[in-house]
Amino acid sequence: MSPTTSLDLSTGTHPVLRPALEAGAEVLADITGTIPAELRGTLYRNGPGRWEAGGFIAQHAFDGDGLVSKFVIDGGTVRFRSQYVRTPKFAAEEAGKGAGVRGIGNQRSGGLLGNLGRFPADSANTHAVVHAERLLALSDAGRPWELDLDDLSTRGVCTFDGKLSPVSRFSPHPHLDPISGEMFNFGLDFAPRIAAKLPIGLKCYRVDPSGRMHVDATVPLDHAYIQHDFALTEHYYVFVLAPIIADPIQAMLGHRTAELATSYRADVGTKIVIVPRGGGKHREIDCPPLVYVHINNAFEDRGDIVVDLTRYDDYREFFDPVRDFRNPNFAIGGFASRLRVTTGDRVTVEDFTEMRTELPQHDWRRTSRPYRYGYHATVSADRSMTPRIVKIDIETGAHHEHAFDVGDVVGEPMFVPRSATAAEDDGWLLTVAYLAAEDRSALVILDAANPEKPPIAVARVDRHFFPGFHGSFTSRV
Ligand SMILES: [Fe+2]
């Protein structure tokens with residue numbers, strides 16, 4: 001059980017931000033309701049589990065150490081386990097040398113020279129993806145960390161047979177093609193610009209079902225975009241490059257944090273880059289600035305490219321809260337929107353809703369293909385509002401909401417189909433939530449078709465942890 005604290009939800013930092021304790025051995029969850037007999041598999045999650053350790057005090061939400069957790073659903077029971085990713089940052093903190101860590105929002109000790117030429121440390125805290133029998137912990141800051149699928153121990157950096165160099169990045173939002181079994185991703189390599197005056201390279205990665213990586217393309221870019229996600233359609237990688245841009249020289253000189261070396265550049269506008277899967281001539285379209293962080297899904301529609309994303313009116317609506325994450329009124333959310341690029345390079349954007357949500361999800365069997373339902377969360381620690389899971393029917397515009405209690409913190413909703421051949425939306429939404437009244441975390445299982453109804457089952461664990469950013473469900477148990 002986690003250390004007991006006063007759960008006064010009226011003031012102070014939210015209790016979910018207290019350091020999470022690892023569950024180094026499997027623990028059985030306490031179940032309310034009945035786990036559906038057909039629901040079998042493992043939900044992996046990743047997110048920051050602690051923001052203060054060994055002298056490191058994070059100044060940015062994304063500088064918390066990655067805690068990977070898993071919920072194994074099997075035979076009506078749920079087994080839970082969690083483990084921090086053993087990064088060099090984690091090791092430094094364990095050794096009491098956290099002051100020597102440079103983060104996204106932290107300078108390390110030693111002044112200008114101490115920070116000169118150093119990339120922010122990788123916290124490995126953003127996504128847990130399973131592909132080709134590998135469990136990868138991912139972040140924006142570096143290469144994947146491979147973990148053991150069962151005990152979650154850290155095996156080391158995954159280089160894909162040496163194809164990712166120490167300065168490569170492998171972004172935290174790969175997309176899996178449900179038909180080919182390939183995993184697609186990208187990495188923005190900044191360092192060459194300083195070292196060799198080369199353009200910044202947008203690398204397009206395809207990992208085949210056996211786990212072998214292929215570099216489909218390298219697209220030179222004029223700016224170091226802070227690009228978190230991308231879109232995948234049946235035939236293309238689609239990059240919607242919002243003008244959130246780092247000055248790599250400022251960042252590497254070391255006199256200011258990496259975060260402060262990044263700015264919104266409305267003058268640059270948004271650049272859309274469409275790259276054929278497998279490589280080939282790419283297409284670029286410039287359009288007015290559009291701010292977003294997450295893409296839900298994308299597809300081709302009679303030659304048009306359709307990209308569904310979470311749009312913000314102002315970049316500060318996202319980037320201020322993630323810096324100010326200890327604020328008790330923390331809340332973040334944008335508009336679920338559809339961007340369309342016509343065959344004539346016209347770009348339109350249309351909101352589905354006026355609600356503010358984040359962490360958009362869909363049925364992964366429809367990734368890169370037309371789909372109907374989006375599943376979203378409200379991301380908030382604001383005690384004045386009720387956190388919710390929100391389903392949006394894109395075809396009709398209808399909303400369905402499941403409300404949690406004030407003070408709870410809910411994570412990304414993962415859709416799991418009832419069977420491999422079940423219709424879209426016929427299945428369950430799995431979400432991890434921090435239940436404030438009980439000061440512990442739980443796996444909450446909702447009926448995807450009727451999410452507003454009481455949960456089908458809740459599997460409570462014996463400790464608290466932040467529900468995390470992203471994760472994956474696999475049929476493996
Ligand atoms: Fe993300």
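**A guided conversation**

Guide: Let us begin with Cys158, which is buried, with a relative accessible area of 5%. Buried means under 20% relative accessible area, exposed means over 50%, and partly exposed lies in between, with a 1.4 Å probe and protein chains only. This is a predicted model, in which local features need pLDDT of at least 70 and side-chain atom pairs count only at pLDDT 80 or more, while totals for chains, interfaces and linings use all residues. Residues are numbered from 1 along each chain as its sequence is written, and side-chain values use heavy atoms, with hydrogens and water left out.

Visitor: How many disulfides are there?

Guide: The count comes to zero disulfides, where a disulfide is a pair of cysteine sulfur atoms within 2.5 Å. Cys158 is in no disulfide, and the nearest cysteine sulfur, that of Cys204, is 18 Å away.

Visitor: Let us step back. How many helices and strands does the chain have?

Guide: The chain has five helices and 38 strands. These are DSSP runs numbered from the N terminus: helices are H or I with at least four residues, and strands are E with at least two. The radius of gyration of the chain is 21 Å, close to the 23 Å that the globule rule gives for 477 residues, so the chain is as compact as a globular protein of that length. That radius is taken over C-alpha atoms, and the rule is 2.2 Å times the number of residues to the power 0.38.

Visitor: What does the C-alpha trace span along its principal axes?

Guide: The C-alpha trace spans about 60 × 55 × 45 Å. Of the 477 residues, 59% count as buried.

Visitor: Which strand holds Gly187?

Guide: Gly187 is in strand E13, residues 183–189, and is buried at 0% relative accessible area. Not counting residues up to four places away in sequence, Gly187 touches Arg169, Ser171, Gly201, Leu202, Lys203 and Tyr205. Gly187 and Tyr205 are 18 residues apart in sequence and 7.8 Å apart in space, C-alpha to C-alpha.

Visitor: Now the loops, please. Where is His282, and is it buried or partly exposed?

Guide: His282 is in the loop between strand E21 (270–276) and strand E22 (283–287). His282 is partly exposed, with a relative accessible area of 27%.

Visitor: And Arg277?

Guide: Arg277 lies in the loop between E21 and E22, but at 18% relative accessibility it counts as buried. Leaving aside neighbours within four places in sequence, the residues in contact with Arg277 include Asp177, Glu182, Asp216, Glu234, Ser368 and Arg369. In space, Arg277 and Cys204 are 8.6 Å apart, C-alpha to C-alpha, although 73 residues separate them in sequence.

Visitor: You mentioned Ser368. What is its phi?

Guide: Ser368 has a positive phi of about 75° although it is not a glycine. Most residues other than glycine have a negative phi. Ser368 lies in the loop between E28 and strand E29 (373–377), and is buried with a relative accessible area of 1%.

Visitor: What is the phi of Leu359?

Guide: Leu359 also has a positive phi, of about 50°, and is not a glycine. Leu359 lies in strand E28, residues 358–361, and is buried, with a relative accessible area of 7%.

Note on methods. Contact means heavy atoms within 4.5 Å.
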